[in-house]
Amino acid sequence: MSTTKDNPIVRTVASTQSEMTEIILPNDANTLGNLLGGRLMHFIDLTGAMAAYRHTRTHVVTAAMDHIDFIQPVHVGDLLNLKSSVNRAFTTSVEVGVKVWVEHPQTGLLLHVASAYLVFVAIDREGRRQAVPQLQPETPNEIRRYADALRRREHREAEAVRRKQARREQNRN
Ligand SMILES: CC(C)(COP(=O)(O)OP(=O)(O)OC[C@H]1O[C@@H](n2cnc3c(N)ncnc32)[C@H](O)[C@@H]1OP(=O)(O)O)[C@@H](O)C(=O)NCCC(=O)NCCS
């Protein structure tokens, strides 16, 4: 795949912030009426893609979704609130953080359900990778997330190398 030249545009984290609220219906749930993990991942992917889309203003594909812990069960009738923003932009990819809360419909109580990090790659209509605008973190939290995103990228790259080596060794045996 080819990429365009460096992208001179710089965006703020605030300009990428995205939110989605879903009411959980029986079609989203298992036989006990709890939200299915796969459905939650779908909502996370969509909310993450919105932030990536706002940052890149072009098509994006999901390249990776990091480890997710399901901290709280979510039930039919609950409201699910998801928030996302870009943590860091690289060359053709961005890391997005997504945080999810369940809202009890009668009390309004909010509980943290899950958090995830996703990597989206910007592409054009022909599938060619596109250089993305850079991100300017402003607040202390944004600066911390910006630094953490680089550490996670290095960890992902090291893991990818390790998995490749393991596959090569398996094929040799
Ligand atoms: C994601 C995809 C575009 C990467 O294409 P590629 O030719 O392998 O690209 P490269 O290896 O040169 O990497 C391109 C960028 O993606 C990032 N990337 C690629 N694979 C990645 C992964 N598994 N995790 C995190 N980042 C990844 C690279 O770090 C690089 O980022 P940078 O340009 O900001 O440095 C390609 O693998 C693809 O199209 N995958 C399918 C996407 C899809 O269909 N998603 C829906 C999920 S079902």
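The legends below describe close-up views of a predicted model. Residues are numbered from 1 along each chain as its sequence is written, and side-chain values use heavy atoms, with hydrogens and water left out. Local features need pLDDT of at least 70 and side-chain atom pairs count only at pLDDT 80 or more, whereas totals for chains, interfaces and linings use all residues.

**View 1. The protein chain has two helices and seven strands.** Helices (H or I, at least four residues) and strands (E, at least two) are DSSP runs, numbered from the N terminus. In that direction the elements follow the order β-β-α-β-β-β-β-β-α. Along the principal axes, the C-alpha atoms fill a box of roughly 50 × 50 × 35 Å. Of the 173 residues, 36% count as buried. Buried means under 20% relative accessible area, exposed means over 50%, and partly exposed lies in between (1.4 Å probe, protein chains only).

**View 2. Strand S4 pairs with S2 and with S5.** Two strands pair if DSSP finds at least two bridges between them. S4 spans residues 79–89, and nine of its eleven residues are buried. Strand S2 (residues 18–23) runs antiparallel to S4 and is joined to it by six bridges; here Met-20 has Leu-82 as its bridge partner. Strand S5 (residues 93–103) is also antiparallel to S4, with ten bridges between them. S4 and S5 form a hairpin, with three residues between the strands.

**View 3. Arg-57 has a positive phi although it is not a glycine.** The angle is about 55 degrees. Arg-57 belongs to the loop between helix H1 (37–56) and strand S3 (59–65). The residue is exposed, at a relative accessible area of 58%.

**View 4. A salt bridge joins Arg-39 to Asp-28.** Side chains of opposite charge can pair when their charged atoms come close. A salt bridge is a side-chain nitrogen of Lys or Arg within 4 Å of a carboxyl oxygen of Asp or Glu. The closest N and O atoms of Arg-39 and Asp-28 are 2.6 Å apart. Arg-39 lies in helix H1 and Asp-28 in the loop between S2 and H1, so the pair ties together parts eleven residues apart in sequence. Asp-28 is buried, with 6% relative accessible area, while Arg-39 is partly exposed at 30%. The structure holds eleven salt bridges.

View 5. Arg-144 is partly exposed, with a relative accessible area of 42%. Arg-162 is partly exposed at 44%, as is Glu-159 at 24%.

**View 6. Asp-66, Glu-95, Arg-152 and Arg-156 are linked in a network of salt bridges.** Which residues gather in a patch of positive charge on the surface? They are Lys-164, Arg-167, Arg-168 and Arg-172. Such a patch is made of residues with over 30% relative accessible area and no salt bridge, like charges being joined within 9 Å. Arg-167 is placed in helix H2 (residues 140–172).

Definitions and conventions: Patch = residues over 30% accessible without salt bridge, like charges linked within 9 Å, V, L, I, M, F, W, Y side chains within 5 Å. Areas by Shrake-Rupley, 256 points an atom, 1.4 Å probe, with all protein chains shown as cover. Lys, Arg positive; Asp, Glu negative; His and termini not counted. Charge placed at Lys NZ, Arg CZ, Asp CG, Glu CD.
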